[in-house]
Amino acid sequence: MDRLQFEVPVRITPAPGLPIEEIYSVEQALDFLQGWPVCRQGPVYQAAFNACFGATVDLVKTEDACRAFMAFCRVSSLLARDMMVPGKRGGGARGVRV
């Protein structure tokens, strides 16, 4: 498995009426984030971008970049309704509905 591939793809709905897209890796997340409108880039966007970029240069774990990207998607109302958020390893829940 590629070190930058997400354990579970992040499922997003980019706009109402469009089909669900799956983001499988840090690179795909960065591509998506780079296309995000500048006027809508806030602190959560910046945290996701920094985490994903950091993962490409081995400063951030891929899992942490995925969590930051999911947080951005959740705050931006992009996260698909059926997206399961993986629980922490060794924790109780295997997945929690968002």
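Predicted model: local features only at pLDDT ≥ 70, side-chain atom pairs only at ≥ 80, totals over all residues.
Residues are numbered from 1 along each chain as its sequence is written, and side-chain values use heavy atoms, with hydrogens and water left out.

Asp58 follows helix H2 and has a positive phi, near 60°. (Helices are DSSP runs of H or I with at least four residues, strands are runs of E with at least two, and both are numbered from the N terminus.) Which residue forms a salt bridge with Asp58? The partner is Arg3, with the closest N and O atoms 2.8 Å apart. Asp58 sits in the loop between H2 and H3, while Arg3 belongs to the segment before strand S1 (5–12), so this pair ties together parts that are 55 residues apart in sequence. Arg3 is partly exposed, with a relative accessible area of 43%.

What is behind such pairs? Side chains of opposite charge can pair when their charged atoms come close. Here, a salt bridge is a side-chain nitrogen of Lys or Arg within 4 Å of a carboxyl oxygen of Asp or Glu, and a search of the whole structure finds 5 of them. One of these joins the side chains of Arg11 and Asp82, at 2.7 Å from N to O. Because Arg11 lies in strand S1 and Asp82 in the loop between H3 and strand S3 (84–86), the pair ties together parts 71 residues apart in sequence. Arg11 is partly exposed at 21% relative accessibility, and Asp82 is partly exposed at 36%. Glu22 joins in as well: Arg11, Glu22 and Asp82 are linked in a network of salt bridges.

Another salt bridge lies within one helix. The side chains of Asp64 and Arg67 meet at 2.7 Å, N to O. These two residues are 3 apart in helix H3, and therefore about one helical turn separates them.

Now look at helix H2 itself. Which residues of H2 are buried? They are Tyr45, Ala48, Phe49, Ala51, Cys52, Gly54 and Ala55. Their cover includes helix H1 (26–34) and helix H3 (62–75).

How do H1 and H2 meet? Their axes come within 9 Å and cross at roughly 140°, where axes are lines fitted to C-alpha atoms, for helices over the stretch in contact, and angles run from 0 to 180 degrees between N-to-C directions. The contact (heavy atoms within 4.5 Å) involves residues including Val26, Leu30 and Leu33 of H1 and Phe49, Cys52 and Phe53 of H2.

Finally, find Ser76 in the loop between H3 and S3. Ser76 is buried, with a relative accessible area of 18%. Not counting residues up to four places away in sequence, Ser76 touches Trp36 and Arg40.

Methods
Buried < 20%, exposed > 50% of the residue type's maximum accessible area, 1.4 Å probe, protein only.
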